[in-house]
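Please look over the sequence and the structure shown here. The paragraphs after them lead from one local feature to the next.

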Amino acid sequence: REVLGASEIRFNPELEVYVFDDVRYQTTSNRSFYEVDSREAIWNTGADERPNLAFKIPPRDGHYGTPPRDRFFRLRQEIVNALEAAGIKVRYHHHEAGGPGQAEIELSFDSLLKSADHIQVAKYMIRNIAVSHGKTATFMPKPLFDEAGSGMHLHVYPLKGSKSLFYGPGGYGCLNSTARQFIAGLLKHTPALMAITNPTTNSYRRFGRGMAAPLSLFFSLGNRSAAVRIPGYARGEEDARIEYRVPDPSCNPYLCLAGVVMAGVDGVKKGLSPEEEGFGPYDVDAYRLSDEELSRMKAIPSSLEDALEALRVDNDFLREGGVFDPDFVGVWVGLKLKNEVFAVSVRPHPYEFYLYYDR
């Protein structure tokens, strides 16, 4: 607040989630598999569902799908009604791109702490209401190969009174120098921040061409391939903001939202420039760029291990003002490496049998 001159920081989280009809998985020393099923999935066009009512959704083609292809509209509406009855306001809900049951529920703007509370409570309620309907909901970032992953895009801006302190008429995307410095800090620290905002080994399977997740560290106006997108429809003095498209819903929302603010504030304090740091703006569709063109942009980490190493090196910005405990980074990195990175790395992957068994 002292740096930005704001009365509060406002967040608007977009929760993406998959709703499945059946999920089975097991990992032992001699057996490792998972199997997921959804009545919406294209692989069930020939299934004996007694009756099979057709209207399946092709891969990555579910965005804004409507009934009868959208089988979960009423379930989502019940979830939204329950959230609002619990005091959690919802902007809207819809079917997301993932054909087999992906949904988005966008929560309304609120303060940092309330937004984190609302994310935590919403995830709990969504899971339980899904089970009450004989379904299962997961916030796992990438539960299906060759389908869109689940992110948690964050719209954010500092507020004073009813005015956005990011508003700058005449500037790129109607953003002022404070917003641009915030963006520069956020993107500069993103490799380290992703150890918190994308804290699972599965998180990094979400990033890929055509998967609606950013590939490179740049900002742009109305560009869904950018790590920071400026919404083209939010350009007034009351709603000018940025959308951070990197995080996913497997994160701890309290750590995630606090980390985003600390990274952005560091950019404002140091007067960083996104242009000088090499973060654009680039008005290009990154998904259509060649590998050579992409290599000229700064890339996001490709694994949790890389992000943890980035956090180990770059963490001073989190400890400013005592926001994060001095011992947090060491404990977090150690636990993540031992319990997740190393635990996954020593286990054979099912696809390795396909690749190597008969070598």
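The model is predicted: local features need pLDDT of at least 70, side-chain atom pairs count only at pLDDT 80 or more, and totals for chains, interfaces and linings use all residues. Residues are numbered from 1 along each chain as its sequence is written, and side-chain values use heavy atoms, with hydrogens and water left out.

Ser150 lies in the loop between β7 (136-138) and β8 (154-160); helices (H or I, at least four residues) and strands (E, at least two) are DSSP runs, numbered from the N terminus. Ser150 counts as buried because its relative accessible area is 0% (buried means under 20%, exposed over 50%, partly exposed in between, with a 1.4 Å probe and protein chains only). The side chains of Ser150 and Gln102 are joined by a polar contact of 3.2 Å (a pair of N or O atoms within 3.5 Å; within protein, one must be able to donate a hydrogen and the other to accept it, and residues adjacent in sequence count only if both atoms are side-chain atoms).

The buried residues of helix α3 include Phe182, Ile183 and Leu186. Among the elements that cover the buried residues of α3 are α4 (190-197) and α5 (253-270), where contact means heavy atoms within 4.5 Å.

Tyr351 and Tyr354 both lie in helix α10 (residues 350-356), 3 residues apart, about one turn of the helix. Tyr351 is partly exposed, at 47% relative accessible area, while Tyr354 is exposed, at 64%.
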